[in-house]
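I am opening a notebook page to record what I looked up in this structure, one entry at a time.

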Amino acid sequence: MKRIDTLPNPVREIELVWIPLSDGTQLAARLWLPEGAEAEPVPAILEYIPYRRRDNTRARDDVMHSYVAGHGYACVRVDLRGSGDSEGVLLDEYLQQELDDGVEVIRWIASQEWCSGSVGMIGISWGGFNGLQIAALRPPELKAVVTVASTDDRYGDDVHHMGGCLLGDNLSWASTMFAFNSLPPDPQMVGERWREMWFERLEGSGLWLEKWLRHQRRDAYWRHGSVCEDWDAIQCPVMAVSGWADGYTNSVFRLLAGLKVPRLGLVGPWSHKYPHQGVPGPAIGFLQECLRWWDKWLKGKETGIMDEPMLRAWMQEYMPPTTFYQERPGRWVGETSWPSSEIRSRRVVLAWPGLLEAEDAEVDEVPMSIQSPLSVGRFAGKWCSYAATPDLPHDQREEDGGALVFDTARLETPLEILGAPRLVLDLSVDQPVAMVAVRLSDVAPDDKATRVTYGLLNLTHRDSSEHPERLEPGRRYRVEVTLNHIGHVFPAGNRLRVSISTSYWPLAWPAPQPTRVTIHTGASELVLPERPRRDESDREITFAQPEGAPPTPTRRVEAGQHKWRVVRDLETDESTLEVINDDGTVYLEPVDLEMQRKALEWYSYRGYDYQSPRGETLWERGYRRGGWAVRTVTRTVLTATSTHFLLHAELDAYEGEHEEEKRVFSENWDYEIPRDLN
């Protein structure tokens with residue numbers, strides 16, 4: 001990324017501004033103002049998230065918000081109620097209180113002397129969610145939204161569930177927020193009351209995973225904050241952005257199809273990062289794109305942004321499988337509308353012994369069954385790639401031994417797809433609760449298999465996630481598994497592979513019992529969204545190189561590491577995936593603060609025992625400045641019987657350094673939560 005040291009407007013930073021709410025609570029904000037904004041007010045851009053503006057997101061915020069402010073906008077980065085330096089307690093994600101607070105924050109911003117009265121919202125992940133959710137409340141001052149790596153559907157397409165299956169990232173994400181909620185405000189910001197505020201959080205934030213596990217189907221809890229429930233509620237323009245390696249790609253396509261307002265979609269090869277920091281590359285000049293968007297909708301300037309195709313997407317090409325890509329080769333393509341009339345459904349029949357084009361298929365129905373080992377999923381990577389290394393899926397041959405596998409013949413010409421492939425299965429099962437995991441891979445002539453996309457379905461959710469129903473063993477059902485949207489070119493000489501398994505641990509929690517699924521080939525088919533090449537129009541889609549303001553000066557105090565390790569003990573037949581995500585210790589020079597973060601995760605199982613899967617997370621976070629030192633340790637363990645999830649969690653907080661360190665808070669939780677057809 002190109003560092004821009006001299007911006008069009010000098011920028012003044014204000015480290016702490018208190019935003020008063022109607023109930024007396026104050027939220028902490030950091031502010032970037034272009035010079036002269038008090039005399040000539042400018043529109044404002046709000047980012048509203050719980051990830052600690054003072055320290056945790058500081059480096060990222062400086063690059064982005066300083067840059068945008070330097071181009072004539074007031075940028076406001078606000079800690080949610082109960083996070084960072086803001087007052088109160090954070091009790092859960094996307095509560096109505098959070099959204100109502102956000103409306104008040106927007107009203108406050110619009111009333112400031114440096115603001116023209118027009119406000120935009122930007123955010124990635126949490127901030128992308130609440131940008132859409134607050135837009136649905138229609139505060140009149142909110143004129144446009146940029147939502148990055150977010151969702152419109154909190155049950156169907158979020159970190160908690162996929163196809164009605166409980167995701168392993170549900171535990172991982174809950175543990176992330178468990179650790180965040182244990183942290184105190186900064187004494188330099190809130191003074192002597194920091195400790196009182198800290199204990200209020202330690203005692204009051206609760207164990208969010210317990211709440212989430214009590215809602216295993218699509219109920220009112222998940223419908224709240226799912227803007228797909230009422231597309232018409234959003235009345236301001238929306239730019240929706242994500243990446244193919246991210247977990248939140250599908251929502252871009254649904255937002256384009258569902259919203260009635262001016263809208264744009266952008267999908268690159270990236271993981272869970274802003275596109276100007278995008279990995280895998282190529283990263284793009286995303287902040288320049290945002291300025292084109294804001295100038296259009298907040299300043300009324302014609303920038304040409306709405307002359308772009310409604311959808312701009314990176315069409316990926318084949319790469320050998322690996323857990324990390326620095327770059328994904330490909331090209332930009334565009335669609336003037338979504339769904340696109342240019343994309344046709346190409347049907348391929350599952351047959352013995354492979355995949356056959358529908359028009360050529362005259363095949364008998366041949367039943368083929370599979371009862372997968374729990375090892376299928378060891379090399380799946382994360383549901384959402386947060387770091388793009390080493391959390392991407394590995395060679396799928398490692399998984400295919402435990403799956404039903406169907407290949408095409410080698411392609412004579414390239415095949416390009418853009419959209420969501422669907423697998424229609426005619427099947428029967430031998431248990432009342434079962435799941436299927438479906439993978440679509442690109443297989444090279446040397447047999448290396450790169451996963452292109454995948455989908456999951458809890459078969460009890462075959463007709464509805466609001467009202468799932470048990471399966472009748474032996475009965476034939478016709479179900480549809482929708483795979484994640486993808487843009488991909490299968491080259492000539494490669495093969496397409498469909499792999500079907502009955503487990504995918506730890507990406508998804510296994511069914512209560514081993515299950516055998518019988519697929520009736522000949523009656524089952526893959527539907528591919530085939531896109532004809534349109535090189536002449538696609539060549540017009542280009543982006544500038546990424547730019548940003550200078551980053552926060554930092555110094556590495558202790559090195560970190562990021563590793564994924566698979567360990568199998570053949571004596572006990574126990575396998576463990578160990579994830580080490582250790583940032584080490586970093587010194588933030590502007591705030592004279594050392595910051596420590598380390599997360600460890602273990603996902604294990606034993607043999608063919610479906611009651612043996614176990615997820616454990618351990619987080620350690622700490623801050624140190626002068627004589628002030630705090631540290632928190634959070635641990636969560638999730639196991640299950642055939643009838644219940646068993647949840648244990650621990651929280652310990654410490655003050656002081658080295659031999660002077662003392663534990664000042666400790667709490668444990670234990671819950672048994674019934675499994676609800678999961």
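**Entry 1: a pair of strands.** I began at Gly-243, which stands opposite Gly-268 in strand 11. Strand 10 (residues 238-243) and strand 11 pair in the parallel sense over six bridges. Here I rely on DSSP, which defines helices (H or I, at least four residues) and strands (E, at least two) as runs numbered from the N terminus, and two strands pair if DSSP finds at least two bridges between them.

Before going on I noted the ground rules. The model is predicted, so local features need pLDDT of at least 70 and side-chain atom pairs count only at pLDDT 80 or more, while totals for chains, interfaces and linings use all residues. Residues are numbered from 1 along each chain as its sequence is written, and side-chain values use heavy atoms, with hydrogens and water left out.

**Entry 2: how covered is strand 11?** I asked how many residues of strand 11 are buried, where buried means under 20% relative accessible area, exposed means over 50%, and partly exposed lies in between (1.4 Å probe, protein chains only).

Entry 3: The loop between strand 11 (263-268) and helix 10 holds Pro-282, and a cis peptide bond with omega of about 10° joins Gly-281 to Pro-282. Most residues other than glycine have a negative phi, and most peptide bonds are trans.

**Entry 4: the core and Phe-286.** The largest nonpolar core has 198 residues, and those with the most contacts inside it are Trp-114, Phe-286, Leu-456 and Ile-500. Such a core is a set of buried Ala, Val, Leu, Ile, Met, Phe, Trp, Tyr and Cys residues joined through side-chain atoms within 4.5 Å. Leaving aside neighbours within four places in sequence, Phe-286 is in contact (heavy atoms within 4.5 Å) with several residues, among them Val-241, Leu-266, Tyr-274 and Pro-275.

**Entry 5: two packed helices.** Helix 1 (residues 58-69) and helix 10 (residues 286-299) pack at an angle of about 40°, with their axes 11 Å apart. That angle makes helix 1 oblique to helix 10, since angles under 35 degrees count as roughly parallel, over 145 as roughly antiparallel, 65 to 115 as roughly perpendicular and the rest as oblique. Where the two helices meet, Val-63, Met-64, Tyr-67 and Val-68 in helix 1 face Leu-287, Gln-288 and Leu-291 in helix 10.

**Entry 6: helix 6.** In helix 6 (residues 194-204), the buried residues include Trp-194, Met-197, Trp-198 and Leu-202. The buried residues of this helix pack against helix 5 (187-190), strand 33 (628-640), strand 34 (644-655) and strand 35 (662-674). Helix 6 is followed by Gly-206, whose phi is positive, near 80°.

**Entry 7: Ser-385, buried or exposed?** Ser-385 is found in the loop between strand 16 (366-370) and helix 11 (397-400), and at 2% relative accessibility Ser-385 counts as buried. Leaving aside its neighbours within four places in sequence, Ser-385 is in contact with Ala-245, Ser-271, His-272, Asp-391 and Leu-392.

Entry 8: Four strands form an open sheet in the order 17-24-20-21, with antiparallel pairing. Strand 17 (404-407) and strand 21 (449-458) stand at the edges with a single partner strand each, so one side of each is left without a neighbour in the sheet. Nine bridges join strand 20 (residues 435-443) to strand 21, and Leu-440 stands opposite Thr-453 in strand 21.

**Entry 9: two aspartates.** Asp-573 has a positive phi of about 60° although it is not a glycine, and at 25% relative accessibility Asp-573 counts as partly exposed. Asp-592 has a positive phi as well, near 50°, and is partly exposed with a relative accessible area of 38%.

Methods: Axes fitted to C-alpha atoms, helices over the stretch in contact; angles between N-to-C directions.
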